[in-house]
Amino acid sequence: MASRGGGSLGLLLWVLLLQPWRGGAQGGSLPPPPFPAPTSASSSGGDREGPGVSVGRAEGPSATPGPQEPDILSQLVELIPGCGQVIAKILGGKEAEEGKWPWQVSVRINEKHVCGGSLITQQWVLTAGHCILSRFRYSVKMGDRSVHREITSVVVPVRNIIIHPQLSVVGIIQKDLALLQLLYPVNFTMTIQPICIPQKTFRVEAGTTCWVTGWGRKEEYGGGLITAVLHEVDQDIIHHEKCNELIQKAMTTKRNIVLEGMLCGYKEAGKDSCQGDSGGPLVCELNATWVQVGIVSWGIGCGRKNYPGVYTEVSFYKDWVIGQLSQARSWDSAGFLPLLCLLLPLGVLVAP
């Protein structure tokens, strides 16, 4: 999470900080590692590197409910009962309280945090595609707000990795999402819960206040690359058309930068996600149920005035996500638990 801080207007994409680690993730699918690992690649195909682990590319405070909300809720489909629920009692604060964001996970390589992610079922995590690097073994840590492994932490090796086949990290980062299958399903607790995923037709109204969480750096320059405790930042939703105009104006360019399938968030200078937050969830509350609308993807600097953060729009890729989970279920029915916690049908999450 970024705090106030400026910097030159040079293009600083967070993914650049990951580049020194990018080894052999070019073209084709990713070779899977022995256990822990990070994020970003445009490969396809699928090698294997170690028993039971495969990494591959697939083919092919919150807003007040609005008047349309009761109709949306009446059409909710429960695939995992109770998704998007916060069980722990929470007080406010910039540092997230224990259990406030129970779907937040840390994607790790060799026990070190590289990206965020979100738990969507007992055995699947959603993250950014650019977080996935080849030749590493990944693990996922959940269950507490510390970035370090604690006695309360649950750490699970990653069994399979599926990156969107059209992920691009050259020029404009596009189709930036990936799915991580855990080696075994986790048990839900007060601090481990799944987040809800929206239907493709679901659209958050512009101006809705939502929240992004992560262990990323707190300012663009200076300070550490990660924070020890999970942080939270509120963001107002901006649709990709308007966001594109804002960034074009700020960069004095006519090139389309923010495209369909992307979503933006902006509150004020100094409030933003930043390096280390990539892959984490942007979530909105709908009548006491939390829904993931975005995945932290990229930005120009961190917390700069009039530069919104850019997210992968989850609803836009709902069909791809469901398709991959369904394929995995057919491949390994014994290891696959129910699909997504909730699917939100056609509707609009209305801002207050």
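**Disulfides, strands and rings**

The disulfide link of Cys83 and Cys196 is right-handed, with 105° about the S-S bond. Its two sulfur atoms are 2.0 Å apart, and a disulfide here is a pair of cysteine sulfur atoms within 2.5 Å. Cys83 lies in the loop between S3 and S4, while Cys196 lies in the loop between strand S9 (178-182) and strand S10 (197-198), so this pair ties together parts that are 113 residues apart in sequence. Strands (E, at least two residues) and helices (H or I, at least four) are DSSP runs, numbered from the N terminus.

The model is a predicted one, in which local features need pLDDT of at least 70 and side-chain atom pairs count only at pLDDT 80 or more, whereas totals for chains, interfaces and linings use all residues. Residues are numbered from 1 along each chain as its sequence is written, and side-chain values use heavy atoms, leaving out hydrogens and water.

Back to the cysteines. Cys83 has a relative accessible area of 1%, so it is buried; that word means under 20% relative accessible area, with exposed being over 50% and partly exposed in between (1.4 Å probe, protein chains only). Cys196 is buried as well, at 0%. Searching the whole structure turns up 4 disulfides. Among them is the one formed by Cys210 and Cys284, whose sulfur atoms are 1.9 Å apart. The torsion about its S-S bond is about 95°, so the Cys210 and Cys284 disulfide is right-handed. Since Cys210 is part of strand S12 (residues 209-216) and Cys284 of strand S15 (residues 281-286), the pair ties together parts 74 residues apart in sequence. Both Cys210 and Cys284 are buried.

Another of these links joins Cys243 to Cys264, with 2.0 Å from S to S. The link of Cys243 and Cys264 is left-handed, with -80° about the S-S bond.

Next come the strands. A closed barrel of 6 strands runs in the order S12-S13-S14-S17-S16-S15, and its pairing is antiparallel. On average, neighbouring strands of this sheet are turned by 45° against each other, direction ignored. Strands count as paired if DSSP finds at least two bridges between them. Met262 stands opposite Thr312 in S17. Helix H2 (residues 240-251) packs on the sheet and touches strand S13 (226-239), S14 and S17, its direction making about 105° with that of S13. Contact means heavy atoms within 4.5 Å; axes are lines fitted to C-alpha atoms, for helices over the stretch in contact, and angles run from 0 to 180 degrees between N-to-C directions.

Strand S8 (residues 154-163) has 8 of its 10 residues buried, so it is largely enclosed by the rest of the structure. Strand S7 (residues 138-142) runs antiparallel to S8, and 4 bridges join the two. One detail of this pairing is that Met142 has Val154 in S8 as its bridge partner. S8 also pairs with S9 in the antiparallel sense, over 5 bridges, and Ile163 has Ala178 in S9 as its bridge partner.

Finally, the aromatic rings. Rings of Phe, Tyr and Trp (its six-membered ring) pair if their centres lie within 6.5 Å; planes under 30 degrees apart are stacked, over 60 edge-to-face, and the rest tilted. By this rule there are 5 aromatic pairs. For Trp103 and Trp290, the ring centres are 6.3 Å apart and the planes are at 40°, so the pair is tilted. This pair links distant parts of the chain, 187 residues apart: Trp103 is in the loop between strand S3 (77-78) and strand S4 (104-109), and Trp290 is in strand S16 (residues 289-298). Trp103 is buried at 0% relative accessible area, and Trp290 counts as buried at 9%. Phe316 and Tyr317 make an edge-to-face pair, 5.0 Å centre to centre with 75° between the planes. Phe316 is partly exposed at 30%, whereas Tyr317 is buried at 6%.

Ring pairs also link Trp101, Trp103, Trp211 and Trp290 into a cluster. Over the ring of Trp211 sits the charged end of Lys100, 5.6 Å from the ring centre; a charge sits over a ring if NZ of Lys or CZ of Arg is within 6 Å of the centre and within 35 degrees of the ring normal.
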